Amino acid sequence: MPKRDGKPRGRMSSYAYFVQCCREEHKKKHPGENVVFAEFTKKCASKWKEMTPKEKKRFEEMAEKDKVRYEREMANYVPPAGAPAKGKKRTKDPNAPKRALSAFFVFCNEERPKVRKEYPGYTVGDVAKELGKRWEQVTDRSKFERLAAEDRSRYEAEMARYRAGGASPKKAAGRSPQKKQKVEESEEEEDDDEDEDEEDEDDE
């Protein structure tokens, strides 16, 4: 459901759908039982880590469909007059690894230039809606899921190095200061867009 000001509900992640499913199953098995939220989510997190990509697939598909829904609704959303401006974006570490792309985003990166070429007058919102429609028509997503899995492995490896005190290989490479700054600013803008979506979800 939309929020009181008409703003679309924030998108849900694949993990959020998984927790929601676990909660519903628990209620069916133990109706009326009081659940300790912290303990319950800890068990969910542990189970999620042990699941195979195949087991997570249905939750990832649910999340991708919800993202398409969110982007479609946000494209048509007009903030009410006098609505407070969004707070200042959080400062990001420029050395942090670039986030892993989902299968949907891999598809978008490949398909977006085609959409822009076919519809040069499309706004960002129009392009997002068209990409969502095309994604729903893709019957064989194995190529994009494989590329997303490879990118996820790349991200996990870079994060391990980053947490150990190293820097992301691509960002640690010898770029000129000016070029490096421009690239990082571009990457930060993309990451911030994803952060804003997640913050909307956290507000639920």
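User: Which residues of helix α1 are buried?

Analyst: The buried residues of α1 are Ser14, Ala16, Tyr17, Phe18, Val19, Cys21, Cys22 and His26; buried means under 20% relative accessible area, exposed over 50%, and partly exposed in between, with a 1.4 Å probe and protein chains only. The model is predicted, so local features need pLDDT of at least 70 and side-chain atom pairs pLDDT 80 or more, while totals for chains, interfaces and linings use all residues. Residues are numbered from 1 along each chain as its sequence is written, and side-chain values use heavy atoms, without hydrogens and water.

User: Why is the pair of arginine 69 and glutamate 73 called a salt bridge?

Analyst: The term requires a side-chain nitrogen of Lys or Arg within 4 Å of a carboxyl oxygen of Asp or Glu. The closest N and O atoms of arginine 69 and glutamate 73 are 3.0 Å apart, and the two form a salt bridge.

User: What makes arginine 69 count as buried?

Analyst: Its relative accessible area is 12%, whereas the limit for buried is under 20%; therefore arginine 69 is buried. Glutamate 73, at 32%, counts as partly exposed.

User: How do you know that glutamate 111 and lysine 114 meet in a salt bridge?

Analyst: Their N to O distance is 3.7 Å, and the cut-off is within 4 Å; the pair therefore qualifies as a salt bridge. Glutamate 111 is buried at 11%, whereas lysine 114 is partly exposed at 40%. Both belong to a network of salt bridges that also includes Glu118, Glu130 and Arg134.

Note on methods: Helices (H or I, at least four residues) and strands (E, at least two) are DSSP runs, numbered from the N terminus.
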